[in-house]
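I opened this notebook to record, entry by entry, what I looked up in the structure.

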Amino acid sequence: MQRIGVFVCWCGSNIAGTVDVVAVAEALKKEPGVVFSTDYQYMCSQAGQDLIVSSVKEHNLTGLVICSCSPRMHEATFRKTAQVAGLNPYMVEIANIREQCSWVHKDMPIGTEKAIILGKAAVAKVNLNAPLTPGESPVTKRALVIGGGIAGIQTALDIADAGFPVDIVEKKPTIGGKMAQLDKTFPTLDCAACILTPKMVDVAQHENIRIFSYSEVTDVKGFIGNFDVTIKKNARFVNEDICTGCGDCVTKCPQKKVPNEFNLGMDNRSAIYIPFAQAVPKVATIDPAHCTMLKTGKCGVCSKVCKANAIDYTQKDEFITERYGAIVVATGFDPISMDKFDEFAYNQSKDVITSLEFERLTNAAGPTAGKLLRPSDGEHPHKIVFVQCVGSRCDSCAEKGKEYCSKICCMYTAKHAMLTRDKYPDTEVYVFYIDVRTPGKNFDEFYRRAVEEYDVHYIKGMVGKITPEGKKLMVRASDLLDGKQLNIDADLVVLATAIEPDKSARSLATMLTASMDTNDFFTEAHPKLRPVESPTAGVFLSGTCQGPKDIPETVSQAGAAASKVIGLLAKDKLKGNPCVASSDELMCNGCSSCEKVCPYGAITYENKEFRMPDRTTRVRRVASVNPAVCQGCGCCTVTCPSGAMDLRGFMNEQIMAEVDAICK
Amino acid sequence: MQVKEYKPLIVAFCCNWCSYAGADLAGNNRLNYPADVKIIRVPCSCRVNPMFILRAFQRGADGVILCGCHPGDCHYTSGNYFTRRRMAMLFSMLDFLGIERERTRVEWVSAAEGAKFAATMNDFVTQVAALGENKRLEDLRCKK
Amino acid sequence: MQKITKEQLIERASALLRDGTVNHVLGWAQGEFDYDITPAVFSDESSLTGNFVWNDFCGANFSKYLVSKCRTLEGKILVFLKPCDTYSFNQLLTEHRFDREKVYAIGIPCEGMADIDKVKAICGDGISSIDCSGEKLSVTSIYEDSPISVNTADVLTERCVNCKSKKHVAYDELLGDEGDILDSARFDEVAKIEAMTPDERFAFWQNELSRCIRCNACRDVCPACTCEVCVFNNPKSGVENKAPANSFEEKMFHIIRAFHVAGRCTDCGECSRVCPQNIPLHLLNRKFIKEMNECYGEYQAGETVGSKSPLTDYTLEDLEPGEVFDRGDINA
Amino acid sequence: MRKCSLDSLNSVFAKIAEAMALYLPVDGSDGRAVFSKWEDGSVLSNALNTVRSPKDFFFPQSEDLMRFKTEGKNIEIIDIRPESEDFAVFGVRACDVKSFDILDRVFLTEPCDSYYASRREHGVIISLACTRPSETCFCQAFGIDPSTPAGDISCFKTDNEMYWQANTEKGEALLKAIESLTEECTDEAVNEQKEKIRAIMKKLPLASLTTNSFGGGKTTELFDRPEWAELSEACLGCGTCTFVCPTCQCYDIKDFNTGNGVIRYRCWDSCMYSEFTRMAHGNNRISQKERFRQRFMHKLVYYPENNDGLFSCVGCGRCLSRCPISMNIVKVMKKLGGESK
Amino acid sequence: MNKKYLREDIIRMSGVNPKKCMRCGKCSGTCPAYDEMEYHPHQFVSMVESGDIEPLLESDSLYRCLTCFACVERCPRGVEPAKLIEAVRLTAIRRQGANRLTPNDIPAMLDDEIPQQALVSAFRKYTK
């Protein structure tokens, strides 16, 4: 039998205003097991906690019921208090008489009656509580970063610098991500490559970092501290260790008509290629979809020219399984498809381009070597229209775009407009905007410079329709402030397309059992207080996989994620959640039902020898739960027909005792 | 003896991650709902055993409602999908036995849906109150 | 009349005993009358010839016996399985309940089993013998001078009237001809009850379940009920009791019993066959089967080994519990 | 001896029901006979016997004994026993009447079971002679004559009449109450009927069953017989035989916490159950074979040993027709040497 | 008719929620009849929302809308300005208690150039 102490909190007038706390304390005194009951103004205050500690000692209490605010608020607080008082922290139950009683009921007698019932339920539960001790599991001191963009790079570098080994898995042949494709960066206008490529080199040279480029994560098993991850290294038909990246094969490859994805298809590359000059790892990759040798078995030029003998047409996909203590998701973003936006004529005219394509057009390493030329005829455009919010801020029912604001478009459009005017002062530049959003250090100043110093025409209003007419693009738009409709004969139109999470994120989330929102952005464990952690323990979020971000924000989040990982890897052992399922082996019949519903694969079966009531021994198949993997949902407990499976902290008996107490 | 106004007794099982937080939010926003609703916290809606529901009716509950995360949002990824099937089957069995289907309900309430929680509870209490006392699944021994 | 004869079964079993393929035979043993047949283990040829019987009253489903017999008997066990028994056999294998290596299963065709209570409703008490060898049953009574002829079809057990399958889904060897999965009308009775008003349904089940004496025969015979400790025997479960103390407990027992076997019940009908109080328990199981078929797609427990039952599976688009009531006839 | 016509039976029952609750076998909705309370128009079943025995009226399957109310450290004990009222059970067959001898020896000897005693005191048993025994009947093996049932009143049904014979004071009193609806008669027709039934009894398939090998003092001889293993081989361990048995009298006492106090009740238990008489150390009968043996040894050896040779089986045949696997006391007796001639 | 009622009535008739508008002006940017109109599609939305409906009812803009649904198609917020304009138009017609176009007016308007469809459309627009 427990010796239970009941502590009723006034929460100032928050509870005491609607609940007669004295009456609650008095009524709960009569409950079985209760030996002490009192009320206090602020139970969570130091004085309140001291009261609990001293009462435990004075009355020799074995269990505590705190009638107070929601357990989501202070359960942890009072568990610590219990620990200070020498009790097991799981001998505490909270009756939520604030959020679920005093705040939703106005009438004092009704509120008091309900508070008593909720208190009784908590007492009934504590009577059946048992001390719980969290299990311990070891931490594998190695981190995995999925995605090798600026987010992944920064996270990996930070973790590696702290002395922990890190692996980066990047699906492209090189790390660098979207940032590698950018020209300049706002608001300082430094060149993206100038600040990114040194970091890429750092990664390549870091003794603690391994890069799995051209690779994907195909399976994740395990749990925080012990993830077993299968990485598929796609065959690139080039021996990475030998390839020097000299580029002879690229030059000699006869198949040169492959759209170059690095330049968004605005020029071509060869079938064996190195995405760009500063690629890391700088090794060639054969595109099997276009390689004549791989398709027909006839060619082999690259193999012949390779002095290092690095070409291997027989290379197969390779699967590597590695154990990690932590996983950082940095899968990044993509611009959305423009297929559904007929009004912008993206698919009709080559001269309607996305902002990312514009980046490549102005990039010195881009298809035009940095000269701003129209993709259709290579002429210099004299009138350029930028359209903001293309696909962003769409109503969900519109089904074309995204409901959210993509956050970065206002700034990069200002950047584009400014750079264009700077380089080509003879060009007229129009920016159509709905709102210009510039919250950020030096952001608004940057935008104002575009308007004031560079004479960019910012027009409040949206482009309704773009019609290619001869060499021109007729842009029809409204100028809401002047109250007129504009028809501009532009030479080039740049669409600030919305960004969306990378397509691979959804399947990755399933593997990681990490949750996502309806837009496929990874959900953070808490939107404000735990923004870089996923609700799945041991999985962290870095960069735009969590939501739209610019580079400075991405880098700071990447650093934050790294510091969380470092904090985790610095531990030798992890304490688990003790509220996990466990199987009563004497009752378990090994039917496998529980295994089928466990989302974590926490249940396995083993054959064990048992002594039976008839004094014989028998080998029986029984379920066993890995407490480090189990997250305590309790799904198995309901599936188990014999009731052999129960959930610590929320046992069948405890919940039924609560039901009984509420219904009596 | 004074005739007591009939007050239905409602047991609400709420999952810790969404619906219990939704109920807390209803409290934070001071959204009223009848005190007849008593909440039991469970880690996930999938923790709710049909036996708990029968137990509640046995002990005098007039209605039982189960609240969990919206499908797809389960903290444990799939718990509420199992809940959805189990409860669909259980409720339809209760209906088959002639027990009023209006006494049971499953509702998905997210942590952000304080207003939905309060509205759901108001609606459910009205619905159950309209049926009157639970006579078909009562255990007379447990009557006061 | 059964198409395969007792002699054929004895001959095959004897041969397998002789050549050492099996060490024991799980079969039906002759009783006092022709209809009171007891499952038995035969370990030698002479006991087979002396006691083994196969006629229209061999209803018992042996699958469940394999759970205990595989543990207690040394060597390999020959089991005779009627088509419906094979589903239970597979379901038990899915649940790892017995060692398949220890079993030699012979599938035997079944023409349906007779219900002695239906025979007695026609012939009255005082039956001294029943001859099952002809087209019709020939019932001899101490009260009648000459045997009464009874149409087999008129006295089939409920489950055989609505036989779902004459096809064996598992066996090592098949005697006789293989049959087909049948289009049975087994859900008609469920649909009839569904069509009642809630008040009528309540009254119907109140009347049926009030007869329950909680003898647990339904549970103990059920091939899906193989828990080491049943929740109804486990004081910690909160539902343990030895008697239906009132109408709540009657209902609770049957709801939970049906729920625990939901998705695992092969609809073998043993529960209703053995109920001493004639409660149509199979209707509760069939309600679940019908409901799951309609909501989550056709599923027959035990059709294959290792399949996932509807309640241990889900899809993202499942009906909401509220929608299940309002779905109308989604198959129409 | 008195008689009434079968046509007037309803008014006789009505008369009895005026004085006390009257139960009689009627055909239930499933077609099987069941004892139920007489209401105007209730029709006496033609079935030989009910599935459940009349034991239920005196020793119900589940019965509340008392209530406890606790507050703080105080426990209040509340006697919730209802006032026993007079009742009569009509249509009890000879075998079932005999079962009360067996039950009485258990419940009425010191310490007397007051719950049972009170019902016995208030209950009137009106027996009914068998007219069409079944193949499952073997009451004669226990010396019971189904043509001449005991009870407070014995009734005999012929084609057109019902004959009433009081055997006890209670019976006399009841017959007095229905005097106006019955007429005095000779026992000629009844005797004729008895002879007919006795002739049928000889023809029954189980007529040759004897109890010679059983009875007190046979424990050592029978206990370790190897046949028990074979007999119990298929036993499911359900409680059907014990729950339909008119003489099984085991029960369990349990507490039920209602939330507003505790109800102490008792309910039938079955020696076939694995939890039966489980003790702190576990079960003393660890396998179904032992549990199975217990039931039959109790009926055929232990009980007679303690009760002047009286067997605690009355041969009603209920377990024969209801056992899911058709294993029963007759097969046990025959296997262990119960047939002679 | 009071202002509030008028607003609600138009919103109800059209099934449009003008509050969803984010003032991007894409409707007006896309409108082929823009130059013909005194009040432009986005103004309809914002004026109905603010209850400033009388000027709309008085304006000829009502009948300049071609109901081509380009604004409906392209609105990123799913506001459907054309339906709103239609509702205002209907209100104007109901208020006048008479149709703007009767069958008697037709013969005078006929010429070989007018497609049949335009007549039907005119009837839909100008009659109750």
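Before the first entry I need one term: helices here are DSSP runs of H or I with at least four residues, numbered from the N terminus. I also note at the start that this is a predicted model.

**Entry 1: one lysine in chain C**

I looked up Lys192(C) and found that it belongs to helix 7 of chain C, which covers residues 188-194. Is Lys192(C) buried or exposed? I found 11 C-beta neighbours inside 10 Å, and a residue with 12 or fewer is called exposed, so Lys192(C) counts as exposed. I then checked its separation from Lys166(C), 26 residues apart from it along the chain, and the two C-alpha atoms are separated by 25 Å.

**Entry 2: helix 4 of chain B**

I next turned to helix 4 of chain B, residues 114-131, and asked what span its 18 residues should have.

I listed the buried residues of helix 4 of chain B, which are Gly114(B), Phe117(B), Ala118(B), Thr120(B), Met121(B), Phe124(B), Val125(B) and Val128(B). They lie on the same side of helix 4 of chain B, because they cover an arc of only 160° around the axis. On the face turned away from that buried side I found the exposed residues Thr126(B) and Ala130(B).

What covers the buried residues of this helix? In chain B the cover includes strand 1 (10-15), helix 1 (19-28), strand 2 (37-42), strand 3 (63-68) and strand 4 (104-108).

I saw that chain D is divided into domain 1, residues 2-203, and domain 2, residues 219-335. Taken over C-alpha atoms, the centres of these two domains of chain D are separated by 25 Å. Their contact takes 33 residues from domain 1 of chain D and 26 residues from domain 2 of chain D. On the side of domain 1 of chain D that touches domain 2, strand 4 (62-71) and helix 3 (94-107) each supply at least two residues. By class, I recorded 15 nonpolar, eight polar and 10 charged residues on that side of domain 1 of chain D.

**Entry 3: nonpolar cores**

I looked for the largest nonpolar core, which has 410 residues, and those with the most contacts inside it are Leu64(A), Cys67(A), Ala143(A), Val328(A) and Val11(B). Helix 3 of chain B, residues 79-96, gives the most to this core, with 10 residues. Leaving out residues up to four places away in sequence, I found that the residues Cys67(A) touches include Val6(A), Val24(A), Ile97(A) and Gly119(A). Another core lies apart from the largest one and has 56 residues, among them Tyr346(A), Phe358(A), Phe386(A) and Ile408(A).

**Entry 4: which chains meet**

Which chains share the most contacts? Of the seven pairs of chains in contact, they are chains A and B. I also checked chains A and E, whose contact takes 19 residues from chain A and 18 residues from chain E. Strand 24 (463-469) and strand 25 (472-479) of chain A each supply at least two residues of the side of chain A that touches chain E. That side of chain A has nine nonpolar, five polar and five charged residues.

Finally, I noted that chain C and chain E do not touch, their nearest C-alpha atoms being 26 Å apart. No contact joins chain D and chain E either, and their closest C-alpha atoms lie 54 Å apart.

Key. Residues numbered from 1 in each chain as written. Chains lettered and ligands numbered in written order. Predicted model: local features only at pLDDT ≥ 70, side-chain atom pairs only at ≥ 80, totals over all residues. Buried ≥ 20, exposed ≤ 12 C-beta atoms within 10 Å, placed from the backbone. Expected span 1.5 Å × (residues − 1). Arc of directions from axis to C-beta. Contact = placed C-beta atoms within 7 Å. Domains from an automatic or database assignment. Nonpolar A, V, L, I, M, F, W, Y, C, P; charged D, E, K, R; others polar. Core = buried A, V, L, I, M, F, W, Y, C linked by C-beta atoms within 7 Å.
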